2 protein chains.
Amino acid sequence: MSAKWVYFFGKDRTEGDGKNKNLLGGKGAGLAEMTSIGIPVPPGFTITTEACVQFYKDNKNYPAGLWDQVLAALATLETAMGKKFGDIENPLLVSVRSGARVSMPGMMDTVLNLGLTDESVKGLAKSSGNERFAYDSYRRFIQMFSDVVLGIGHHQFEHILKDMKNARGVKEDTELNAADMKELVEKYKALVLSEIGRQFPQDPKEQLKYAIDAVFDSWNNQRAKTCRKINKMSDDWGTAVNVQSMVFGNMGDDCGTGVAFTRDPSTGEKVFFGEYLVNAQGEDVVAGIRTPEPIAKLQTAMPEVFGQLEEVYKKLENHYKDVQDIEFTIERGTLYMLQTRTGKRTARAAVKIAYDMVQEGLIDKRTAVLRVAPEQVDQLLHPMIDTSIKYDIIAKGLPASPGAAVGKAVFSAEDAESWAAQGEKVILVRAETSPEDIGGMHAAQGILTATGGMTSHAAVVARGMGKCCVAGCGAIRINEHQRLFTASGVTIKEGDILTINGSTGEVIVGAAKLIEPELSGEFAEILTWADTFRTLGVRANADTPHDSQVAREFGAEGIGLCRTEHMFFDGNRIDAVREMILADNEEGRRKALAKVKPYQKEDFLGLFTAMEGLPVTIRLLDPPLHEFIPHNDEEIDRVAKASGVSAEHLKAKATELHEFNPMLGHRGCRLGLTYPEIYEMQVYAIFEAACELVKQGKVVKPEVMIPLVGSYKELEILKDMTNEVAQETIARYGVKLDYLVGTMIELPRAALTANEIAEHAQFFSFGTNDLTQTTLGVSRDDAGKFLPIYVEKGIFKEDPFVSIDVSGVGQLVEMGVSKGRSVRPDLKTGICGEHGGDPDSIAFCQKAGLNYVSCSPFRVPVARLAAAHAALK
Amino acid sequence: MSAKWVYFFGKDRTEGDGKNKNLLGGKGAGLAEMTSIGIPVPPGFTITTEACVQFYKDNKNYPAGLWDQVLAALATLETAMGKKFGDIENPLLVSVRSGARVSMPGMMDTVLNLGLTDESVKGLAKSSGNERFAYDSYRRFIQMFSDVVLGIGHHQFEHILKDMKNARGVKEDTELNAADMKELVEKYKALVLSEIGRQFPQDPKEQLKYAIDAVFDSWNNQRAKTCRKINKMSDDWGTAVNVQSMVFGNMGDDCGTGVAFTRDPSTGEKVFFGEYLVNAQGEDVVAGIRTPEPIAKLQTAMPEVFGQLEEVYKKLENHYKDVQDIEFTIERGTLYMLQTRTGKRTARAAVKIAYDMVQEGLIDKRTAVLRVAPEQVDQLLHPMIDTSIKYDIIAKGLPASPGAAVGKAVFSAEDAESWAAQGEKVILVRAETSPEDIGGMHAAQGILTATGGMTSHAAVVARGMGKCCVAGCGAIRINEHQRLFTASGVTIKEGDILTINGSTGEVIVGAAKLIEPELSGEFAEILTWADTFRTLGVRANADTPHDSQVAREFGAEGIGLCRTEHMFFDGNRIDAVREMILADNEEGRRKALAKVKPYQKEDFLGLFTAMEGLPVTIRLLDPPLHEFIPHNDEEIDRVAKASGVSAEHLKAKATELHEFNPMLGHRGCRLGLTYPEIYEMQVYAIFEAACELVKQGKVVKPEVMIPLVGSYKELEILKDMTNEVAQETIARYGVKLDYLVGTMIELPRAALTANEIAEHAQFFSFGTNDLTQTTLGVSRDDAGKFLPIYVEKGIFKEDPFVSIDVSGVGQLVEMGVSKGRSVRPDLKTGICGEHGGDPDSIAFCQKAGLNYVSCSPFRVPVARLAAAHAALK
């Protein structure tokens, strides 16, 4: 017996488990679930994702039994509907749609009205009593099928349609009559014949098989792949295929179609939110071609249907206990639900909905925390437009995805990608977006479209990406060819800077002033809940008292990384630093360092004060000395003059300090071992600052961190030095002060010999930036030439500098933790690379048993939430 | 009961196990062993190395029981000798000498004549009947004791001696009489009093205690530490202390002292070899102050003693079954042996002795192979002077350590070190060398001394190091101050180039022509024996047919690494390579590559032919493309002209290709993945060459190696490409050809994910050069600034680029092997970094279970021998 590939859903019998999205896909599971809880759904059947996976395994051949099961399900469907496939009296028509386990809107192919042939169209005319409708459906089917299955571009059909309208002297499709439609059908068929050398298929079962093939194929089209890459979805999942009996929203004014959300997906407010079009097919709403009506209007237009719809949406939300994104069609006054799925929402909405649902008793706090995606809340932490200033607002569209974006205008997705690749921030301006634009949307800071509603492609995708979007901004007139748009008499050319406000829909000329976000209200509350679930500590990487303050307000529980070298550049001290570097001997260096020390001490006083009571990890000098020396002639001359040395001397020093591979050069603790006086100065500054504050009654928790250790001996020597200076200073001030000495684990050798190193370290902080560079042998500064190709070819699932490479770098981190703890069970471990703010990496840190993560101040809330997710999952 | 710290040796009772060098030290074990087999040795006792180790553990305090045991042994000694310590009739005098488990000649301190006081000196005068001798011994003792124990420099005593000789109007010490000696004693004692503020110690037991302390202390003096570092000896071993009753070689002309080897340590010939001095103490021979007589003269001078000596040396060699380096003293016609130890020998001698002893039935082949140190035979593979040419020979000294050296003359050890650090090859020219010079000797190509014999410090140390040395070259007159020497009227100034021939003793002006060595005779035979013991394969790193030929003659069993990029520079092809790099698109690159291909194919034809029947591993292009492009303006202009492009274009390309960290940049398989056409061309060239030869009936075994793989996906893609090209080519030629596709493991991530990678690799070759760079995060090109300091501070025991870092890099190699074999049990594994020719690293490779090592052609014999040692140990 062959495996079960096909699951039927219908009033009398629903085979599939509505919870099993992995098998049935999101859409298929939703249809099965809705049917089984008594919601009106046109019956049909779902071909499983497993069938698709097997299809690819078998070199695109149907797995054994699939076609037979399809035919059997079709027969059941005919019985349920009382119609026959290809019938010339009352034909059964079906839609064929993709449906992956996670929604990929618009990414894969769909065929509607399948089953129409030269014969069955007559049946449809009869059964609907509407010949024009029947032939209109047929010519739409031919176009859609030809585009999706036969690979004949739809513009060729539109060209024929346009010619016909010109010939008839009409403007709208609706002005064409039944005869015109028949003629169109003939012309369309002729086009197909000339393009593929054979007739448009007249066997409905053949049509069905082709359509299923096409949906399977569409799993691996370019835009689907891109979508999966962006959304970190596996290429191995496959898509399900849903074959469902057609209902028609375009049979007259008692028909219609719409999409809606059970709550506002933009703000999260508890209002029924959606749009509908009278006398239209579903694709018309999503494609954004006609601007639809707000759902509220349906209440007046079709009160009975609206009542039904309200009942259904409430039932669905209660059933799923989450916001639902639903599609419906009204066929001659009867409501049919075509889809329900978890509604995508903005971060703001996610936070509000999660919070509200807890208040409503619908979900618990644990669920609420898990409902807010850490990746997404980042957008709440992005700057917002400072509304206290007056801006030059030239247009207002729909506030389709909140936040603010400033960038240069570009007019194609390709340009958006290529400009962004060169480091430009861009706003993608399009009449409307289509699935092909997905790469460009991802690359842009924000999206501005002229047409389309709140549920148009641009709006839905932008919200999913957490990108600011202003949609349906009819006031802008775009000239794609000239790469410009005009609005209110102002012309914005390619490269001109504009600002869009996704929360208000405003389009502003120039760069608006952005202000820092704050943590407050429901978001702050949810983070507090998150804190109760997480076991990982969250610290911040901060080098200044201001950053420390911000981090603390965002909930940081200490500083995980203070990079002292950033302080070296501030103000006058760079002169003393350069004097130190230019000195020919230790005495000269000490003299110069004596000048730097008061500044360093001041830095630490500020930092310790801002972080009073919390641990502050200070990394001693890390970068190679040549980073403090100018390199080009002009700068050398300037600095030489300023510091009173000859340009030749400076140039000679720069040459002497030059390194072939500075990343692997004379830096980190290697500096501390070759010029002990530098680290000594820093350690004195740390402990003098700490002791002074302790004298004032403050609680200070310094943690001295030695960078780039590869051998325990390096750490042993520098730890001894640190302890000596610390003890001497503490004794001198006559205070009591606890402190830690530890190290970065950022070289493979350090992880490999972590048991030796832990003998001398009270904590490990994994510096995964450098650890990634060395483990993978990839220089971050040079990787631009191949890393994108690597991600594209799937060699790396993701940029390993963004999300930790679990199998390589992660293995070393786990090794470091377990070897370290084997000799020092209470070893504190953390991560301070940029991965510390990446949710996937945080999940890894949880698994690896780290004590804390440390990230940039603005990522702290993301990390708190991600840590909670990691603990709960 | 306390531990046993002291072991007595004497005719009636010998406590120590003469085999236990670790406990008794080499000297102590030798004395115990000689005593127990009935060889005349002055009795004494040995304080164990464990006592020394404990002494350091206890902060330089004697371990419990030590002093009591010393006193007890002293009493036994007094009984045995019939003398009393400090006696005024017939005092017992002793020597106090260090003795580590491995000989460190001259590194640690010695005190002779201990036991002399103002009182006992009278006893010595009485018992010897020679007052002058007694006071001479006393004043020598005061000087030695003061130098070693009290820290009063010996030059101060020599100054007093010189003044005395001047006052007496005499030239030699021997011209001073007993009264003079007495006066000297008083003056010496006065110096001691003024220097240390107290009297020279008059209690012999106090003297003994001080002397033992001093020997313990000398274990950690600077030159001993340096010696241990060079010889890879542990700092934790400690030294034994040998307290032995004195015998005197300086009591008259029936006295003498000498050192000898049971075979010639330079050539290995089976002749008794040594030197002696009449009426002298042992230190006089070793220090090289007086030029001694050849041992053969002793036969005429003291036939009876010589006969005894012959008997003893033969007995010793038979007993130890190895060449012995012996010290003896003749006291009034009686022979005493003071030391026996394994004789250090040149590589040439080691080979001959090992070979001869097998022929003599003294040892088996296994022992013979183990007797030849792989580190050492390298010198047999160094170039020799081409004697077919006439040179300007200006002097001839003793051929103290064979081989030839060309370099610039320097006149101090410090200069030798600093010049060598700057990449200069130097010859160290000294009147004589002393233990302080050891660093400079190590840094020099060769050593030339004006005084001292074949067993002088310079000669012994140079032979141990395998360095060429000409000693006792009286014909050169050195002016250290002006940094020059003259000989035969020629002046050689600092920096002038000279050549020394350590096999003939010749000193040559300028650089002599050196010729390549050959493998022949006894050495070839011993390597053949070695081959029967080793389990590791030995291949060579070779890029040309000539290198391959050399490697094959030296016994290479294939090529482990052919670096194709070296071929890219040859002749005209670099132009085509540059054309390829300058091309703006794939088409342009393919056009240029088509020009390179015939050359590449020719290269491989040559290589495969030279290595017929043996495997040849070819690494595809590895270095970043900018290595093929000139960088300075002048070169750019030249190349631009030559290749017909504008200098601007070339400069722009160079800028575009510039990398911050080229080591971690766009290279290796990253090139193959971004420009597949490059690797494709190389793979075609490999397989077309191979197929052509197969057609000619030759056996070809190509192994294609993909470099810098970090993820199995990289390898998967490139392996598929390679197989496709290979299959296509093999089919086109219609031949049968087996080949392998494998990868370098040279990134930590590759080792960490070796199980994934092995799915796609038929072999792993560990590229430990790059693996060391990435694992340690150390750029080889930049490490010069800190690596020497690291080795000095003991952070690295050795330069990790010379000898593999077992605990870090080694761990990854072991991981790579075991993970790789876990999925592919027959995975072939090898090493092709420069470690492949390093004996310690080879021992590691054996332990790690690799199949082969690959090294430079001239290291192949070293590797064969080292692999045998590794298998036998």
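The following conversation goes through a predicted model and asks how its terms apply.

Modeller: Residues are numbered from 1 along each chain as its sequence is written, and chains are lettered from A in the order in which they are written. In this predicted model local features need pLDDT of at least 70, side-chain atom pairs count only at pLDDT 80 or more, totals for chains, interfaces and linings use all residues, and side-chain values use heavy atoms, with hydrogens and water left out.

Colleague: What makes a residue part of the contact, and how many residues does it take from chain A and from chain B?
Modeller: Contact means heavy atoms within 4.5 Å, and 47 residues from chain A and 47 residues from chain B take part.

Colleague: How much area do chain A and chain B bury between them, and what is meant by that?
Modeller: Buried area is the accessible area, taken with a 1.4 Å probe, that two parts lose on being put together, summed over both; for chain A and chain B this is about 4200 Å², with 58% of it on carbon and sulfur atoms. Of the area that chain A buries against chain B, A:Leu664, A:Arg749 and A:Lys785 supply 15%, more than any other three residues.

Colleague: Why is the meeting of B:Asp805 and A:Arg749 called a salt bridge?
Modeller: A salt bridge needs a side-chain nitrogen of Lys or Arg within 4 Å of a carboxyl oxygen of Asp or Glu; the side chains of A:Arg749 and B:Asp805 meet at 2.7 Å, N to O, so the pair qualifies.

Colleague: What does the salt bridge between A:Asp603 and A:Arg573 tie together?
Modeller: The closest N and O atoms of A:Asp603 and A:Arg573 are 2.5 Å apart. A:Asp603 lies in helix H23 (residues 586–610) of chain A and A:Arg573 in helix H22 (residues 573–582) of chain A, so the pair ties together parts that are 30 residues apart in sequence. Helices here are DSSP runs (H or I, at least four residues), as are strands (E, at least two), numbered from the N terminus.

Colleague: How do you know that strand E23 and strand E24 of chain A pair?
Modeller: Two strands pair if DSSP finds at least two bridges between them; E23 (residues 497–501) and E24 (residues 506–509) of chain A have four bridges in the antiparallel sense, and therefore they count as a pair. A:Thr499 stands opposite A:Ile508 in E24(A).
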